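Hi,

Here is the structure I promised to pass on to you.

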Amino acid sequence: MNKSVVSRRLVLSSVLAAASLAGFALPVTLSAQSKALHKTPDGKPDFTGFFHWPEAKNGMHGKGSATVFDRKYFAPFKPGGEAFLEPRTGDPRHDEPRDFCMPAGFPGGFLSAYPVQMFQTKDYVVMMNEFQRITRVVPLDGRPHRTGLEPTYYGDPVGHWEGNTLVVDTTGFKRWNLDDYFYTDPKEFRMHSDAFHTVERLTWRDDNTVDYQITIDDPKIFTRPWSQDFEMTLRPDWEKQGLLEYECEENNRCTGGHCEGNK
Amino acid sequence: MKKLHSLGLFCAGLMIGSLPLLAHHSFTAEFDDQQPVKLTGTVTKVEWQNPHIWFYVDVKGDDGKVTNWGFSGGAPGQLFRRGITKASIQVGMQVNVEGFRSKDGSHNANGARVTFPDGRQVFTAGSEDRVPEKK
């Protein structure tokens, strides 16, 4: 090794040591790693990975572990608007559709207490929740919503970038349940209307956490849109197993208040 | 009936509160939290399938009559991440099962807590399922 290399190394070592003693952070190497993490080759944020399902930052959720919306964020209800708290009719297919393995819907299903996997390419991000293997395929090219579609349980999502934030705009919903709050209070079966519109904003807060904000916009029910912030924690420990299968109809023995395990 | 010695008890599973749990159904629609059950018997059948596992237990009553009870638990995937697999509950095993009876009065219940003769316990509840208080 020649003398100039040795002396440069000695100088560098001295500088580093002095900086450490002075309490200066040396972020060069770390920030290089952080910048490389969660970025696509063309520099966009990359949401590929396994995540904990969205949870409220204050940890609040319903009686179980599924995430539900906190009433304190609701906008005022529109007078004369469609009923938000769906009354029971006595028909189990109406009152407990999930008993019959009907779709969990959005956003309720995406907030289900099961692992989430997101998979991103240049053109799409696919967002999956293991529960009912809910799968949303979101184009990333800023295209408009499709027209002429029949309303669906999960709507028509389209994505675009706003700086480092992925924005997913979803319309085209059929009237269905908003979240699983009825597990906490069976009288409060929260329904959104067919005018339902959601906007999700996903941003990497740090190497392990995605800020996930969802805006609820339902002009038949609420006087204005309202939002709640959640977070999704990266779970690399779930990657090896992957998402497990969930076929609701496989052995569904409890429907409409009757369990048929035994007579 | 084998006595379960409290000193020998330890939790093989994780506590309910820290677990990701979700059932596709509503506990309150199907089970009655005013009718707790605690039954001991021999496992006769296991259905380790979605949306809820089921396991069946022959329970001998005080009159000597044997009744088969069905117990519903969480989804296999959730239990798997809790370290509970179909090897955990097998035909022929002696179990004590705690939960709440089905509202329709049938011999079914949610099977929330399973205790084995050696004191091991597994929490097999699905989400939103009530778990009887430990006594």
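**Strand pairing in chain B**

B:Trp54 has B:Ser72 of β4(B) as its bridge partner. A word on what you are looking at: this is a predicted model, in which local features need pLDDT of at least 70 and side-chain atom pairs count only at pLDDT 80 or more, while totals for chains, interfaces and linings use all residues. Residues are numbered from 1 along each chain as its sequence is written, and chains are lettered from A and ligands numbered from 1 in the order in which they are written.

Back to that pair of strands. β3(B) and β4 (residues 66-72) of chain B run antiparallel and are joined by 7 bridges; strands count as paired if DSSP finds at least two bridges between them. The hairpin they form has 5 residues between the strands, and B:Gly64 in this hairpin takes a positive phi near 85°. β4(B) also pairs with β6 (residues 108-115) of chain B, here in the parallel sense and over 3 bridges. B:Ser72 turns up again in this pairing, with B:Asn110 of β6(B) as its bridge partner.

**Chain B as a whole**

Chain B has 2 helices and 7 strands, in the order β-α-β-β-β-α-β-β-β along the sequence. Helices (H or I, at least four residues) and strands (E, at least two) are DSSP runs, numbered from the N terminus. Of the 135 residues in chain B, 44% are buried; buried means 20 or more other C-beta atoms within 10 Å of the residue's own, exposed means 12 or fewer, and partly exposed is in between, with C-beta atoms placed from the backbone.

Confidence is highest in β3 (residues 54-60) of chain B, at a mean of 96, and lowest in β1 (residues 10-11) of chain B, at 42. For the complex, the predictor gives an ipTM of 0.73 and a pTM of 0.80.

**Cores**

The largest nonpolar core has 40 residues, and A:Phe51 and A:Val210 have the most contacts inside it. Such a core is a set of buried Ala, Val, Leu, Ile, Met, Phe, Trp, Tyr and Cys residues joined through C-beta atoms within 7 Å. β11(A) gives the most to this core, with 4 residues. Leaving aside residues up to four places away in sequence, A:Val210 touches several residues, including A:Phe47, A:Phe51, A:Leu202 and A:Trp204; a contact puts two C-beta atoms, placed from the backbone, within 7 Å. A second, separate core has 22 residues, among them B:Val37, B:Tyr56, B:Leu79 and B:Ile84.

**Backbone details to check**

Two peptide bonds are worth a look. The bond joining A:Phe106 and A:Pro107 is cis, with omega about 5°, and A:Pro107 sits in the loop between α3 (92-95) and β3 (116-120) of chain A. The bond from B:Asn50 to B:Pro51 is also cis, with omega near -5°, and B:Pro51 belongs to the loop between β2 (31-47) and β3 of chain B.

In chain A, A:His38 is a residue other than glycine with a positive phi, near 55°; A:His38 is buried, with 20 other C-beta atoms within 10 Å.

Best wishes

Technical notes
pLDDT = per-residue confidence, 0-100.
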